[in-house]
Each structure stands twice: as C-alpha cells, then as structure tokens.
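Student: Hi! Could you walk me through this one?
Tutor: Happy to, let's take a look together.

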Amino acid sequence: MTGSADSDRGRAGAAVASRGAVELLGRGVAELEALAESLGEPRYRGRQVARWLYGHGVDTVEAMTDLPRAFRDRLRAASQITYPRLRRAQDAPDSSATKYLVELADGQRVECVLMRFDDGRLSACLSSQAGCAMGCAFCATGLGGFSRNLGPGEILGQALVIRAQAGVRIGHVVFMGMGEPLANYDAVLRAARLLASPQGVGIGMRRLTISTVGLVPQIHRLAAERLQLTLAVSLHAPTDALRDRLVPANHRYPLADLIPACRAYAAATRRRITFEYVLLAGVNDGPAEARALAALLRGVHCHLNLIPVNPVAGIPFRRPEVPVVMAFAARVRRAGFPVTVRIERGTEIQAACGQLRLADGQGRPSRWTPPPAVTP
Ligand code: SAH
Ligand code: SF4
C-alpha cells in the first residue's frame, strides 16, 4: 500500500460502495473463505484475498493480481475495502514517534502512533474507540467524551496505514490509543486475532498488548480465551478512596473485584500482568502509596510500569520531580516487583499516553517542558 497524507483511501471505498456490499477489511480468514465459496470459488481463494488485504495492504480487488479475472469482477461487485484515510502525519522532533490522524468513512477522526525505540523496536499504538466514556481525571481522550466504537477493520486498518506510510514492519501493537478496548470487546478481539495471525498481518499474539481501565467482567471473559497477549491494567492508585477520584470506573469495579480478576487472568493464561501507574505529583507518588501498592499486589504475577504523567492542557496534574519518581520505583522494586519507568515517545507532538484527543487531533499547545529522560 502506498499513499500520501491526502491519499484518497477510504473515500474511494466509501464512495463506490454499492448497497449491501461486504466490507472486506476486518473479515477473518474463515469469513473470506466462505465469501469466496459463496461466489463460486474454492475456499483457498479466501486465503489469497486475506494475503492481499493484510499481508500486502492493497486497497482494491483489482490489485489482487493472482485471482482469476472473473472472480475479481464478482468480488469487486460484491464488496468494498474501506481504509482509514490519512489526514495528517506529524513527526516528533527527535523522530521517536509519528502521530497519524486518520478519518473513518463517516468522517469520525481518531489518532494512532508509531513509536520507535532505541533498540530498533517499532510499536503501533491503536485507537479502539472515537473518544472514551471512562472520564479518567488526567486523560485528554476522556476529557472529550465518547463518540462511538470502532469496527475491527477500522482498528486494524490503522496498523496497515502506519505500516504503509512509514514503510516499516510493525513489531508490536498496543491498544493504548483513544478509547477503552474492553468496552469494545468483540471488535478489538477480532482485530487482535487478525493482527496476530500468520494469515493476517502476522505480528504474533505475544507481541500484542491490550490496556484496560479495569472492566472486571471483560477481564474474566478475556482470561477464558487464554490468549498469549499481554494484559495491561491501568491501576494508578492503591486504595479505592484515591482510585475513585482518578478513575471513575473504580466505583463500578473496585479493587476488591479488580485485583482478584487480575490474579485469575494471570493464573488462566500464565502470563504476567502489566500494571500501569501514572505518577501525579503530590497525589499518588509518595512513600505511603508505594507501600500500599506493594501490599495490594503481593503475590500477583505482574510487572509495574510507572508513567510520569504527560502534560494535558486543562488538567490540573503535574509530573513528579525525577528523584520522586526514582524513589517510588525503588520502593516498589525493593518490595520484589519488576518495575520500569516509561520513557514517553512523542510528548512534544501530543502523541504520548493520554494526550490523544478527538476534534482536530492537535490538542491545545502545552507550555510544559519535558524533564530529562528517566532511566529505570
Ligand atoms: N483506556 C485504556 C487504554 C488507553 S489509555 C486504559 O485506560 O488503559 C493508555 C494508558 O495511558 C493508560 O494506562 C492510561 O491511564 C494512560 N494515560 C492516560 N492519560 C495519561 C496522561 N496524561 N499521562 C500519562 N499516561 C496517561
Ligand atoms: Fe479512557 Fe483510558 Fe483515557 Fe481512562 S485513560 S479516559 S479509560 S482512554
């Protein structure tokens, strides 16, 4: 797939779609096989279509050149391929991240990010909803409210747009863009399976991470699927009193339900849970919170990711000073937990965690200056 910021991808798909046409992007391999069969072809033709869509990222049936002409004609008449349409790409000054603003067929806009790590790893951060209904106190996406769920093709299409625009092989995918992935469970799982599968994008399940605010029933449901992806749980506070203030979803799913769900997830999948903990100066970054956090998580098979809060205009939280971050990390580490401090990519272009917004995707300019990089 090739294209530029004003590529017509998506518009073409939406405009030419005939009534009742099947959207191909986001269809699983079995569905594409069934579709091929319904059009009078052997099932393996469906696998060929999947290879063109997810392996090569083509945006027309015409480009699927190893399909017989007659089948291509029938498939073209019966289907459409609608990619998110790239509206803007913005590079961080240090090239550590590129933020893409994409437009969906109904005009809704969401953001996704390519993160480049020093060791060469490339990770795509995808949005699962336009906006978010969860209203966490420090998050730009939450500020803007909720618009709608994305479909599976709209979610995985972001990865395909990033791959094509950057001309790279994506190594990891994190569902940490706009929205709460587990509030859009079916579409996210379908996108995850296609991203992971060798017959899809081929990234591998172990290289996917779903981040959740902590929706307990969905965590149990995901545990039962026994997938090898990483579950990241946004904890941010070690007590209900504090978490209620920062993460309103805690009223519904308090720690007494959330932590057992995490234990059950780790037991069912034998995978270590990642707990994300946004550090907010003077709010949740003291020795008492570090001790309470260690007590809360005792015995949970987990890893802790500390995220000094990213600046969001209109939100009253500050990053702790570097020594405070290091002291917090050291305390939790001494209690026996593996801890990393996340070094954000893309804060300058409002592409880091919690900085993605609806509207034009730019956010308001921030006067905040990043502190020196923190090494764990
Ligand atoms: N809704 C999901 C996934 C998207 S948010 C979730 O909440 O987990 C991805 C991560 O960014 C979460 O851990 C979230 O708490 C964090 N985040 C939100 N706002 C942030 C901010 N201003 N600074 C740093 N991290 C933030
Ligand atoms: Fe939604 Fe996650 Fe932001 Fe909370 S942190 S408002 S769950 S996107």
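Student: What volume does the largest cavity have?
Tutor: About 490 Å³. A cavity here is a set of points, on a 1 Å grid over the protein atoms alone, where a 1.4 Å probe fits but cannot get out, and its volume is the space filled by probe spheres set on the points. This is a predicted model, so local features need pLDDT of at least 70 and side-chain atom pairs 80 or more, while totals for chains, interfaces and linings use all residues. Residues are numbered from 1 along each chain, and side-chain values leave out hydrogens and water.

Student: How many residues line the largest cavity?
Tutor: The lining has 30 residues, with an atom within 4 Å of a point. Phe138, Cys139, Met176, Ser234 and Gly354 lie nearest the centre. By class, 17 are nonpolar, eleven polar and two charged, with Gly counted as polar.

Student: And which ligand takes up that space?
Tutor: Ligand 2 does; a molecule sits in a cavity if more than half of its atoms lie within 2 Å of the grid points.

Student: Which residues are around ligand 2?
Tutor: Cys132, Met134, Gly135, Cys136, Cys139, Gly142, Gly179 and Val213, each with a heavy atom within 4 Å. That shell has five nonpolar, three polar and no charged residues.

Student: New topic: at what angle do helix 3 and helix 6 pack?
Tutor: About 60°, with their axes 9 Å apart.

Definitions and conventions:
Chains are lettered from A and ligands numbered from 1 in the order in which they are written. On a 1 Å grid over the protein atoms alone, a cavity is a set of points where a 1.4 Å probe fits but cannot get out, and a pocket is an open set with protein on both sides within 12 Å along at least five of seven lines; lining residues have an atom within 4 Å of a point. Axes are lines fitted to C-alpha atoms, for helices over the stretch in contact, and angles run from 0 to 180 degrees between N-to-C directions. Helices (H or I, at least four residues) and strands (E, at least two) are DSSP runs, numbered from the N terminus.
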